[in-house]
Amino acid sequence: MPEVIQTFDLKKTYELAEPVHALRGVNLTISPGEFVSIMGASGSGKSTFMNIIGCLDKPSEGTYHLDGLPVDSLSRNELAEIRNEKIGFVFQGFNLLSRTSALENVELPLVYQRKNSKVKPKVKAAECLKRVGLADRMDHHTQQLSGGQQQRVAVARALVNDPALILADEPTGNLDSRTSLDLMGLFQELNDQGITIVLVTHEPEIAKFTKRVVEMRDGLVVRDSEIEDRGDARKELEEFSGVIGL
Amino acid sequence: MKIFKLLAIAQSSLLKNRTRSILTMLGIIIGVGAVIVMRAIGDGAQQNIEERINSLGTNLLMVRSSSNSYGGVRRGAGSSRTLFIKDVDIIREQCSLVSAVSGIVNVSGQIIGGGTNWASQVQGVGPEYLEIKSWEIEDGVMFTERDMRAKTKVAVLGASVVENMYGGVNPIGQTVRIQQTPFKIIGVLEAKGQGSGGQDQDDVVLVPLTSAAFRLRGDSRYVSQIYASAVTVEMMDAAKEEMTQTLRQAHKLINGQDDDFSIRSQSELTEAFTSTTETMTTFLTIVAAVSLLVGGVGIMNIMLVSVTERTREIGIRVAVGARSTDVLFQFLIEAVVLSVAGGAIGIAVAYGVCDIVQNKLDMTTIVKTWIIAVSLGVSALIGIVFGLYPAFMASRLDPIDALRHE
């Protein structure tokens, strides 16, 4: 199986009045089945790095292979196709379509799929919603769902095209502690099923539920280590609920 | 992307903004509605005029003698005596494209009868005259070829004459005196109404042409005019040409010599009258078309607002794999759906307005099929033209910026 992410000396420079070197040569490899958190303060280059590995942006220099494919030189439309087939996004602000049902939101990536799939979009979307525990909320519109539920819909949308990689950008940023634990529990569960997840966060207590931490500073990777005492989000959620008496 | 997927996306996003969609369509609705109503009223007026002119007679060709000049003084149309009774017979025998022909001799004079008198127009005509003028006998009979040969003293009265002299009572069998000569009334004509010039066509007394020429006027050889019917409307021009040649031969005119008669067809009359209405209709249609253009600008305006407002939505779509062309087509199709739907509603509204105009204002309206087709086509075109720029703006958005957009 090819590596999910392989970057070689990835650089990104923004040509402003004064050139800004957001990435100064990042080398990183992420293998299938990993659960990696990327940490760093704002300005560390982690957002730029995430945009590039998410195929939303292109590097200025260096090469990037996603799922074995060199993608750094692809056109805008080809990148759209790669995002559609290989990446599932989960954003901080959920980014669901308003006034649209959960099912239709999850279906969205399939609408733009180029390959003919034998599976019906509706069936596949419903399956994914079931997987994130929202089987009974399929027809609810975005506004009728809580923050935690909206983020679960976003996770289901990320799953719907069977991506090589789920890319989560501060997914717990807009959630309270309890819902954050709940979501991390879901991510751990999906990772246990073999799905590769890359999670961008600045909270160490969220990062500890992943398996590996990559820390960035000033456009470079400064730490890359395995998590030693990995937390179990489900267990902590139970304990947490016990403490506040739920 | 399949077109029906795009249509579904457009439909759902338009339905989510129902009020705005309807307000945007309003410009197109009014524009298309105005164009169709204007055309319908114009075409209705035109048909009215055509019908009125057709009531003069079907496929009518009118022969008059041309002007002549006498000592340098030109004396106007019909001033020369160049049409003869025998010309009528020659046309009947030799012109295959003429289905009916009649000479006309006009006689003026006071008519006395029914205990009163009345100044009417007395016309000596042939039996085929009624067929040429598409006129029917209301009561009694028309005189025949035998009456022509025998120069019988019989008369057929127009409806206005009957009204004025007999108070509407059936006068058949009674006698009228025209220039002291008694004529027996054998028929009454149905009312025909006003002619194209507003004159009363029913104020007429018809007598056999020969009777008028020999008994009333005295100069038996000439006719004032000849009316003829072409076999079909399409053959009007050919029939006119055929009659011209026949008459030239009969009058022994050599090549290069001017016709001593002129033939006018009813279609020439129609054209003269309808061109004014045509100009008016065109003018009003252009005014209405301008309002349609304004409607298009309205669509562009709203689509631009919509693109800005839905920047985040565009970002989401692009992030999950929409290509820039997908986004372009999504917004373009939304604009086209808006304008075509507006056009369709405009057509429906126009039908309603035409109905009101027809019933309450008593004006004829005609909605032609091609106007409907053109309206829909123009609506779609407006959607494309005015939707292209906003759609292009949408497709150019950077996904990273779009996703961050609040």
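Me: Which residues does A:Val106 touch, leaving aside its neighbours within four places in sequence?
Reply: Contacts can link residues that sit apart along the chain, and A:Val106 shows that here. Its partners are A:Ala125, A:Cys128, A:Leu129, A:Val153, A:Ala156, A:Arg157 and A:Val160. Keep in mind that this is a predicted model.

Me: How many residues are in the largest nonpolar core, and which of them touch the most other members?
Reply: That core has 121 residues. A:Val106 is in the group that touches the most other members, together with A:Ile38, A:Leu129, A:Ala156, A:Leu167, B:Phe331 and B:Ala335. Helix H11 of chain B, residues 324–360, gives the most to this core, with 14 residues. Apart from it lies another core, of 55 residues, including B:Ile91, B:Val156, B:Met165 and B:Ile226.

Me: How many residues does each chain bring to the contact between A and B?
Reply: Take the two sides one at a time. Chain A brings 18 residues and chain B brings 16. On the chain A side, helix H2 (76–86) and helix H3 (102–111) each supply at least two residues. H2(A) gives the most to that side, with six residues. Sorted by class, the chain A side has nine nonpolar, four polar and five charged residues.

Me: Now the sheets. What is the strand order in the open sheet of six strands in chain A?
Reply: Read across the sheet, from strand to strand. The order is E6-E7-E8-E3-E9-E10, and the pairing is mixed. Strand E6 (87–90) and strand E10 (220–226) of chain A are the edges, each pairing on one side only. On average, neighbouring strands here are turned by 20° against each other, direction ignored.

Me: How many residues lie between the strands in the hairpin of E9(A) and E10(A)?
Reply: Two, and A:Asp218 in this hairpin takes a positive phi near 50°.

Me: Which strands are the edges of the open sheet of four strands in chain A?
Reply: The order there is E2-E1-E4-E5, with antiparallel pairing. The edges are strand E2 (20–30) and strand E5 (69–70) of chain A, each of which pairs on one side only. Inside the order, strand E1 (residues 5–14) and strand E4 (residues 61–66) of chain A pair over five bridges, and A:Gln6 stands opposite A:His65 in E4(A).

Me: Over in chain B, which residues of strand E7 lie on each side?
Reply: Check the two faces separately. Strand E7 (residues 154–157) of chain B has B:Val154 and B:Val156 on one side, with B:Ala155 and B:Leu157 on the other. These four are all buried, and both faces are covered. E7(B) pairs in the parallel sense with strand E9 (residues 181–189) of chain B over four bridges, where B:Val154 has B:Lys184 as its bridge partner. With strand E10 (residues 204–208) of chain B, the pairing of E7(B) is antiparallel over two bridges, and B:Leu157 stands opposite B:Val205.

Me: Last one: what domains does the assignment give for chain B?
Reply: A domain can be made of separate stretches of sequence, as domain 1 is here: 3–52 + 273–404. Domain 2 covers 83–259. The C-alpha centres of these two domains of chain B lie 57 Å apart.

How values were computed
Residues numbered from 1 in each chain as written. Chains lettered and ligands numbered in written order. Predicted model: local features only at pLDDT ≥ 70, side-chain atom pairs only at ≥ 80, totals over all residues. Domains from an automatic or database assignment. Pairing = 2+ DSSP bridges. Axes fitted to C-alpha atoms, helices over the stretch in contact; angles between N-to-C directions. Core = buried A, V, L, I, M, F, W, Y, C linked by C-beta atoms within 7 Å. Buried ≥ 20, exposed ≤ 12 C-beta atoms within 10 Å, placed from the backbone. Contact = placed C-beta atoms within 7 Å. Nonpolar A, V, L, I, M, F, W, Y, C, P; charged D, E, K, R; others polar.
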